[in-house]
Amino acid sequence: MVEREMGGSTDNCNHSGDTEPPKSPEDESSERPEAQCTQDLKSVLITSVLNLEKLDVDLYRGTHHWVPRSQRLFGGQIVGQALVAAAASVSDNLYAHSLHCYFVRAGDPKVPVLYQVDRTRDGRSFTVRSVRAIQHGQPILICQASFHMLQPSPLQHQFTMPVVPQPEDLLTVEELIHRYLSKPDLAKKSRQGLNKLLANEVPIEIKPVHPPHFYRLSAVELRKLFWVRARGYIGEGNMKLHCCVAAYVSDYAFLGTALLPHPNYRAQFSASLDHAMWFHNTFRSDEWMLYECESPWAGGSRGLVQGRLWRRDGVLAASCSQEGVLRVKPVTEPSKL
Ligand SMILES: CC(C)(COP(=O)(O)OP(=O)(O)OC[C@H]1O[C@@H](n2cnc3c(N)ncnc32)[C@H](O)[C@@H]1OP(=O)(O)O)[C@@H](O)C(=O)NCCC(=O)NCCSC(=O)CCCCC(=O)O
């Protein structure tokens, strides 16, 4: 499996010029001490979704775990698996620092995905890989990923992390749904929809910062903020893997951010057209990170969304950007949540 080839416990994400990769607080905190984590289930993202089968040199096969109701493959899965395939032929002293993808066809959940890697360039400081995700002989995703060696610099800056409640003070999506389901006057259609959501086996834990905005579109808050982490244990060390998990996580409920300013419309057809990520510092995708999502623009049946993944210590871990097709229809009845 590719994971074993990915250079084991090396740190392979870009650092913002530090000589030593910054320790995230969780590495020092006792939030999930290694001893306790060994009792946690190893994340299915690692054991299955991002554990590609090597078929030949630069050719891998990925399987599916969770498929959205749209029955097209989840974009984050294809991006995460493509990054695993790209990283497999990159040496341990290089770190994933960016990726750019186009989703050119819907993924078919009935068949696996093949990942064909082209070793585009091995430069002195930067290495680039191109990946085609293929089903039925046709590309569903084209992706370029770039890797950089550690090159410290005095030039460093970042935005400031938003001030929000800590994850320990918030409820998970599942806890919120159970709270909504306990309402006796909940509309039958809403109850059915929420039970379907509960049945999802999404391998990600989410704690919305503003639950009503998370479920009931309101034009008050034009940003979506939620704490997010991979379900289960991944552990320290292999930053390539954490970048692949972050790629998976970054596409979840991302495009929907473009609907926030339009509470009177809902998506009739939505799909990610592209996805770009930049990895800035080390992080643990199996520890809580704050995902700050906003939409600077929408029009012409498309919406642009941008996201920042923050470590709890305020360090910016990664930035994401995506445009999607958004065909909408008016909301006929207000949310009954
Ligand atoms: C479909 C893609 C994006 C474009 O392919 P193209 O061949 O150009 O198709 P369209 O012409 O767009 O037709 C698609 C579909 O839409 C119908 N259609 C077309 N024009 C209109 C219109 N003006 N009004 C209404 N409907 C229209 C058309 O008839 C077709 O319907 P169908 O015949 O029933 O299919 C193509 O490039 C593509 O599929 N790319 C892959 C996209 C993808 O799979 N992305 C990753 C998965 S999506 C994801 O993971 C995020 C989900 C977002 C949820 C969230 O974050 O909240």
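The legends below describe close-up views of a predicted model.

**View 1. The shell of residues around the ligand.** The ligand is surrounded by 19 residues, of which Arg72, Gly75, Leu255, Ser272 and Arg327 are the closest. By residue class, the shell divides into 11 nonpolar, 4 polar and 4 charged residues. Strand β9 (residues 265-272) supplies the largest share of this shell, with 4 residues.

View 2. In the side chain of Arg72, an N or O atom lies 2.7 Å from an oxygen atom of the ligand. The side chain of Asp251 also places an N or O atom 3.3 Å from a ligand oxygen atom. Gly75 contributes through its backbone, with an N or O atom 2.9 Å from an oxygen atom of the ligand. The ligand taken alone exposes 1100 Å², and 51% of that is buried by the protein.

**View 3. The hairpin of β11 and β12.** Strands β11 (residues 289-299) and β12 (residues 302-310) run antiparallel and are joined by 8 bridges. Leu290 has Trp310 in β12 as its bridge partner. Between the strands are 2 residues, and Gly300 adopts a positive phi near 55° in this hairpin.

**View 4. The hairpin of β12 and β13.** Strand β12 also runs antiparallel to β13 (residues 316-330), with 9 bridges joining the two. Ala318 in β13 stands opposite Leu309. This hairpin has 5 residues between its strands, and Gly314 takes a positive phi near 90°.

View 5. Residues 65-148 are 15% helix and 49% strand, and their end C-alpha atoms lie 31 Å apart.

How values were computed. Residues numbered from 1 in each chain as written. Predicted model: local features only at pLDDT ≥ 70, side-chain atom pairs only at ≥ 80, totals over all residues. Heavy atoms only, no water. Pairing = 2+ DSSP bridges. Near = heavy atom within 4 Å. Polar contact = N/O pair within 3.5 Å; in protein donor to acceptor, adjacent residues only side chain to side chain. Areas by Shrake-Rupley, 256 points an atom, 1.4 Å probe, with all protein chains shown as cover. Nonpolar A, V, L, I, M, F, W, Y, C, P; charged D, E, K, R; others polar.
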